[in-house]
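Q: Could you show me how to read the charged pairs and the chain contact in a structure like this one?

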Amino acid sequence: MRYGEIVTAGVLALFSIYLMWKSADLPIGYIEGKGPGGGAWPFWLSAIMLLSCIAVMIKWVRGTSPLSQSDEPFLDGHGWRMLGLVGGGLVGFVALIAVISMYGAIAVFLLYYLRFLGRHSWALSIGLSIATPILFFFFFEGAMRITMPTGLPFTDPVFDFLYEIIY
Amino acid sequence: MEILSLLGSGMLLAVQPLNLLLILLGVTVGLFIGAMPGLGSVNGVAILLPITFLVPPTGAIIFLAAIYYGAMYGGAISSITLGIPGASTAVATTFDGRPLARQGRASLALVTAALASFVGGSVANVIFTLFAPVLASVALSFGPPEIFALMLLAFATFVGLGGDDIAKTIFSICFGLVLGAVGFDQISGAPRLVLFDITGFLQGIGFLVLAIGVYGIGEMLWTIEESRGEVESSNPKMTVRGMASDAAEATRKGWRGMTIGSLLGFFVGILPAAGATPAALMSYGVAKMTSRNPEEFGQGKVDGITAPESANNSASTGSMLPMLTLGIPGSPTTAILLGGMVMWGLTPGPRLFLDEPEFVWGLIGSFYISNIAALLINLAFIPVFIWMLRMPFSILAPMIFVLSIVGGYAAMNDMFDIWLILIFGIGAFVLRRFDYPLAPAVLAIVLGPIAEPTLRQSLLLSSGDLSIFLTRPIAGTITVVALILIFLPALKLLRRGGSKRGDKAA
């Protein structure tokens with residue numbers, strides 16, 4: 001954690017500089033008759049962000065913050081495994097939305113999580129993976145009239161059937 | 001006396017069978033819509049607006065106001081049970097509501113939120129009834145410098161909300177404000193901060209994207225990592241007697257928060273462009289700062305729930321005031337209500353009270369009835385919400401992830417935002433490991449789009465002279481209070497450092 005603290009502060013400082021530079025695409029000073037330029041607000045806020053990062057770094061160098069004295073790792077083996085399995089699962093879930101529709105992706109993600117990460121029975125995992133997207137479909141599309149992504153064209157017959165029920 | 005007789009006739013109108021049915025239906029629908037992350041009162045009111053043409057205007061506005069009420073109650077439910085604020089107005093409720101639920105006291109948290117909402121709504125109703133025209137003129141005297149000073153005060157309370165590390169809190173506030181500035185410059189219309197030239201950023205970054213990322217994804221990753229997957233599901237028992245004792249405990253421990261939230265909430269609510277979110281946050285901040293044990297906030301303190309919950313209900317009633325008396329909406333939901341009134345052939349403004357007394361007093365009467373209905377319906381459904389918490393965590397966690405993604409898409413209708421939610425979620429998990437407080441960023445992204453234009457308009461008025469925030473009486477008073485709050489922690493640190501050096505020297 002000790003080095004993580006300074007690396008994070010450094011990365012955030014660089015990001016703040018990037019934001020300052022990007023804000024400066026628009027005027028950052030006072031324009032007579034028009035008030036502060038469009039870039040002024042984000043520019044000066046990013047400058048304060050940079051100063052805050054510098055303050056964190058100074059505390060780290062002086063060893064006054066708790067993290068600057070911590071020997072704990074950022075994440076242990078379990079932490080990295082969790083981030084890979086759960087975080088990876090979420091990335092897979094979102095990536096699948098464009099392919100097999102929001103509802104299809106929900107079903108696959110729930111099955112993956114419940115059966116393989118949660119170690120629940122097949123019956124419960126499959127039951128919830130099917131019931132949840134169906135319930136969501138009727139709530140969002142039927143009651144709230146909010147259309148979710150339907151994925152690639154091969155899902156059309158399923159959605160044609162479902163839309164006929166609600167419309 | 002005249003007001004009482006008008007109010008009495010308004011209440012009689014509100015309890016007519018059709019109107020009462022509309023109130024019950026509206027409150028129930030609003031409660032569930034508000035409890036759903038990603039959907040808030042604005043969605044409910046907007047979606048159901050066309051339905052209101054089936055009933056007379058009075059019934060229609062009563063129905064929509066009931067949805068608004070129900071959603072305000074409902075926002076606390078996902079904050080407490082899932083840890084995801086369903087709407088920006090309920091962010092501050094997560095600070096203490098979620099810890100209390102995790103201590104196995106979800107029932108107390110939910111009953112407290114319901115009761116505080118009821119008290120906030122009731123106090124606001126009474127103030128509304130008695131002082132509507134006077135308060136409307138006070139609200140009008142708030143120009144851009146006053147509103148910006150108020151925003152500054154809200155940011156000052158953030159410094160108190162963050163952890164011990166002031167630099168990280170200030171970073172978080174500014175980060176939220178900069179994210180709120182992404183998209184277009186509101187005044188010139190020029191593209192601004194299109195990060196890495198990705199065109200998706202042109203539409204800006206919505207509050208919900210950051211809130212769902214931080215609370216829905218980041219918080220869950222944090223919980224799974226910290227608990228090593230062995231999260232104890234709380235298993236509270238629900239009985240009528242238990243709820244009664246929870247209500248008594250909520251009143252005993254939370255009356256201070258309720259008083260602060262109800263009064264401050266109403267006042268902030270009536271200001272154009274302010275609304276329930278800054279009201280809830282400022283009430284939380286004030287309750288914390290004036291508490292004898294401020295260190296207990298954030299760990300499941302009852303006052304930490306009552307202050308924001310009474311404030312957001314009080315503010316939502318307050319925001320109806322400029323809408324009815326001046327024709328100025330104080331929040332997105334009241335803007336839609338205003339649109340509805342125009343469609344029904346009514347003209348909001350000073351003459352509405354004279355021209356359409358039946359409509360106005362019927363609506364005000366319905367506030368009272370809706371408030372009671374919302375309390376009862378909310379309490380009746382608490383066992384259902386508690387049941388959700390009894391689910392094993394390995395079922396609840398994926399459900400929250402799914403709700404976050406689906407809710408995020410429902411609110412924004414854009415896959416780009418879903419990817420942003422994921423990035424913010426993982427980023428929030430990392431930043432939290434390094435003790436960066438993230439709640440200030442979430443609240444700052446909401447207030448940024450209010451703060452920036454008011455600052456620019458103020459500076460334009462003063463030809464760039466910052467003293468405008470000090471020389472006007474109302475703005476000056478608020479600014480001085482805000483500056484004291486901002487510099488108070490720094491002064492405390494200096495004093496602590498000084499006394500430590502003194503101890504060493506001794």
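This is a predicted model: local features need pLDDT of at least 70, side-chain atom pairs count only at pLDDT 80 or more; totals for chains, interfaces and linings use all residues.

Q: Which residue does B:Lys301 meet in a salt bridge?

A: Side chains of opposite charge can pair when their charged atoms come close. Here B:Lys301 meets B:Glu296, at 3.2 Å from N to O. B:Lys301 is buried, with a relative accessible area of 17%, whereas B:Glu296 is partly exposed at 34%; buried means under 20% relative accessible area, exposed over 50%, and partly exposed in between (1.4 Å probe, protein chains only).

Q: Which parts does the pair of B:Glu452 and B:Arg192 tie together?

A: The side chains of B:Glu452 and B:Arg192 meet in a salt bridge of 2.8 Å, N to O. B:Glu452 lies in helix α18 of chain B and B:Arg192 in strand β2 of chain B, so the pair ties together parts that are 260 residues apart in sequence. Helices (H or I, at least four residues) and strands (E, at least two) are DSSP runs, numbered from the N terminus. Both B:Glu452 and B:Arg192 are buried.

Q: How many salt bridges does the rule find across the interface of chain B and chain A?

A: The rule finds four across that interface, and one salt bridge joins A:Lys59 to B:Asp165 at 3.5 Å, N to O. B:Asp165 also meets B:Lys168, at 3.8 Å, and a network of salt bridges links A:Glu5, A:Lys59, B:Asp165 and B:Lys168.

Q: What is the area buried between chain B and chain A?

A: The size of an interface is often given as the accessible area lost when the parts come together. Buried area is the accessible area (1.4 Å probe) that two parts lose on being put together, summed over both, and between chain B and chain A it is about 5,700 Å², of which carbon and sulfur atoms give 81%. In chain B, the residues B:Phe171, B:Arg433 and B:Phe434 lose the most area to chain A, together 11% of what that side buries.

Terms used:
Residues are numbered from 1 along each chain as its sequence is written. Chains are lettered from A and ligands numbered from 1 in the order in which they are written. Side-chain values use heavy atoms; hydrogens and water are left out.
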